[in-house]
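This report looks at charged pairs and nonpolar cores. The structure comes next.

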Amino acid sequence: MKWVVATSNPGKLREFRAIFDQYGLELISKDEAGVMEDPEENGSTFEENALIKARACAEACGLPTVSDDSGLTVDALDGAPGIFSARYAEPGHRRERVLRELEQVPDEKRGGTFYCAIACVIPGECEFTVSGECRGMIAHESIGTGGFGYDSIFFLPEYGKTFGEIPAEVKNRISHRALALAALREKLEEMGYIHADK
Ligand code: IMP
């Protein structure tokens, strides 16, 4: 059976496929499902925005759909950039803006969380969301070239490195998205849509 990931981001599709492949489910992107439009993400939480994307895609193609909405929330910025992570500044300047806004903030107040909500919409049957989060600190400068987005300013004290420095296999085990995907797998198993012995 075909399932759709409501994203055009090849990185996200790859991470979802890594989980779904082992269950014999064929996962296709929204473009492959023939869905070209992107709905306006006007929700006020990650969960609402993930549901907006999944519902719009499932309605357009009639197939079970999953989607994720994620971002970085910084304690000292009252949770910003949060749901506006992808639009916090012009492309290439988002990390810079966060670092600038934290210039005077001491280490003990530089906590932050990467958050990922995944929505699942199965037309005519059900819809739900799951989530995952990863705590860390905002570094004083960008370090490392791995990953994407805010990875190089997100410091993990237990590893002594940023997400931009640690290997992808490690990030894919401990990240907010990895944890949300694990919760999705558990929920789909519980509901009988996928089977652990497959
Ligand atoms: P979305 O595609 O609307 O969910 O936007 C997510 C935004 O949050 C991205 O553009 C990144 O800036 C940021 N983000 C989400 N997850 C990560 C991650 O794992 N590493 C770095 N940045 C992330």
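## A buried lysine

Lys30 is buried, with a relative accessible area of 5%; buried means under 20% relative accessible area, exposed over 50%, and partly exposed in between (1.4 Å probe, protein chains only). Lys30 forms a salt bridge with Asp31, the closest N and O atoms being 3.9 Å apart. A salt bridge is a side-chain nitrogen of Lys or Arg within 4 Å of a carboxyl oxygen of Asp or Glu. Asp31 is partly exposed, at 36%.

The model is predicted: local features need pLDDT of at least 70, side-chain atom pairs count only at pLDDT 80 or more, and totals for chains, interfaces and linings use all residues. Residues are numbered from 1 along each chain as its sequence is written, and side-chain values use heavy atoms, with hydrogens and water left out.

## Other salt bridges

The whole structure holds 11 salt bridges. In one of them, Arg55 pairs with Glu127, with 2.6 Å between the closest N and O atoms. Arg55 lies in helix α2 and Glu127 in strand β5, so the pair ties together parts 72 residues apart in sequence. Helices (H or I, at least four residues) and strands (E, at least two) are DSSP runs, numbered from the N terminus. Shared partners join Lys12, Asp68 and Arg177 into one network of salt bridges.

## Nonpolar cores

A nonpolar core is a set of buried Ala, Val, Leu, Ile, Met, Phe, Trp, Tyr and Cys residues joined through side-chain atoms within 4.5 Å. The largest has 21 residues, of which Trp3, Phe16, Phe20 and Leu184 touch the most other members. Another core, of 19 residues, lies apart from it and includes Val74 and Ile138.
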